[in-house]
Amino acid sequence: MVAASAALALGAVLLTGCTSAEATYDAAVRQGVAAIETAKLAVDQELAGRTFTPTAITTLGDARRELVDATGQVAETDASTAAEAETRAEVLDALGTALEAVGRARDAVASGVGSLGGVVPQLEDAAEELSALEQRPTPGSGGDG
Amino acid sequence: MKRLFAVALGVLTAIGGFVDIGDLVTNAVVGSRFGLGLAWVVLVGVVGICVYAQMAGRVAAVSGRATFEIIRERLGPRAGLANLAASFLINLLTVTAEIGGVALALQLATSVDPGWWIPVAAFGVWIVIWRAKFELLENVTGMLGLALIVFAVALFMLSPDWGQLAGQALQPGPPAEEPVATYWFYAVALFGAAMTPYEVFFFSSGAIEERWTVEDLAKSRLNVLVGFPLGGLLSIAIAGCAAVVLLPRAIDVTSLSQVVLPVAEAGGKVALAFVIVGILAATFGAALETTLSSGYTLAQYFGWSWGKFRRPARAARFHLAMIIGILIAVGILATGVDPILVTEYSVVFSAVALPLTYLPILIIANDREYMGDHVNGRAMNVVGQVYLVIILAAALTAIPLLIVTGAGA
């Protein structure tokens, strides 16, 4: 049983070491979607007076950290084909838009810089952009894109 | 109120076991990814911990000695050392996570970086353990931790589709987009969290601190039957809130701030205030519980004088061990490691160590030399043995699942 567990573990290590660039981009997009949706919810709650300002600041800070992490993952992953390079550029662009929107929201809540209500459309746009990337068929999935 | 305080030990133990920082996040992660598809694991865990905590409490009440002390005497120093090594290391990881959890809870209330709160939290844990009486410690943290019932209230206020939630709970299994291995990884993690070894060590040592005797067996049962099911209920409520608010928005939970979003959505600032107080009390209570458990296990193995019913000068090594444990935890957190990551790993490793904890308890609960007429009945032994098989399966699959799924990523 111990030997079987060890073999399984070794296999898993080898498998996880071979994660494709596309899989990394997909994971980063999912992470970005989760972060931007978190930020949208926190901003909605702040605008509706349903949350404390320190809690909203913390939530937006955490969302921003997730976006930075996702951006780093994508930026550090090499593309080996032209299609992968194009996907990487699109993902980085969408994450950058999201990062800017969340950063503006946090500034508005924490320091009163700009209008929080004015950030909402930017958050919506960033969410739509990431969502579109998430729903796009990946190469080899049989989709027409 | 007196009756409520009578079950404070069970409530505090269960809050530490079921809604500490790791559980808060893990339950929300599970809810945001699987809905209530893993609620059955919580139920299995609640029954398991009730069975074994009841045994550990009975051993303490009948023999007047804590479980760990008897394990060493009954099974010898080698078996006791294996038990000590596994449980102590997991305890240390959990102390680290809980002190970090207190800092994260304070960040929610203040937005001040948790790095600034870590020394404050560590000092708070030390001073309470050093100065406060055991009864005060368990009553205050246990009762304030009850504020987490706001998760159950929030779930009702969110007016969910109960049929859909019931469907998720009654037809367990991973959603189409989640790998089967990930589903089982979280099943093992939830089970390991529900049956964390320190719960039984803390519960039985707490029984000695409260000077339970055979006459307190009913109190022991009441503590188990109120505390742990309550902890399980809170676990399911946290997952339910995440299933209703976060799952439809594709929010995978990675931070404590996301865990409270559904509560604020349901009940606004009042509910949010309750949940922040509850999280603070639960993580602080769990930090006390795990720090004390570290001291208990070491002192009981090495035969040192121990217990909060003694003045610190009369249990110097017990207190010194806890101070060193707190300092190590602060040192680990000072590296910048994510406390939530620490606790998620500690939960998985605790699943690995479960057989080392629960087999000796089953053996001792059947030993007439210690238990007299209060040994396990046949039904209790059958249930205990069935759980040992489940525990063994969880222990053997925990690490492979951790690796295969990339820690549930």
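In this predicted model, Arg33(B) and Glu178(B) join their side chains in a salt bridge, with an N to O distance of 3.0 Å. This pair connects distant parts of the chain, its two members lying 145 residues apart. In total, the structure contains 8 salt bridges over all chains. Side chains of opposite charge can pair when their charged atoms come close.

**The pair Arg33(B) and Glu178(B)**
- Arg33(B) belongs to helix 3 (residues 21-34) of chain B, whereas Glu178(B) is in the loop between helix 9 (162-170) and helix 10 (180-194) of chain B.
- Arg33(B) counts as buried because its relative accessibility is 10%, which is under 20%.
- Glu178(B) also counts as buried, because its relative accessibility is 13%.

**The pair Glu73(B) and Arg65(B)**
- A salt bridge brings together the side chains of Glu73(B) and Arg65(B), at 2.7 Å from N to O.
- Glu73(B) has a relative accessible area of 45% and is therefore partly exposed.
- Arg65(B), at 24% relative accessibility, is likewise classed as partly exposed.

**A network in chain A**
- Glu37(A), Lys40(A) and Glu124(A) are joined into one network by salt bridges that share partners.
- Because Glu37(A) and Lys40(A) stand 3 residues apart in helix 2 (residues 21-47) of chain A, about one helical turn separates them.
- Both Glu37(A) and Lys40(A) are buried.

Technical notes. Residues numbered from 1 in each chain as written. Chains lettered and ligands numbered in written order. Predicted model: local features only at pLDDT ≥ 70, side-chain atom pairs only at ≥ 80, totals over all residues. Heavy atoms only, no water. Salt bridge = Lys/Arg side-chain N within 4 Å of Asp/Glu carboxyl O. Helix = DSSP H or I, 4+ residues; strand = E, 2+ residues; numbered from the N terminus. Buried < 20%, exposed > 50% of the residue type's maximum accessible area, 1.4 Å probe, protein only.
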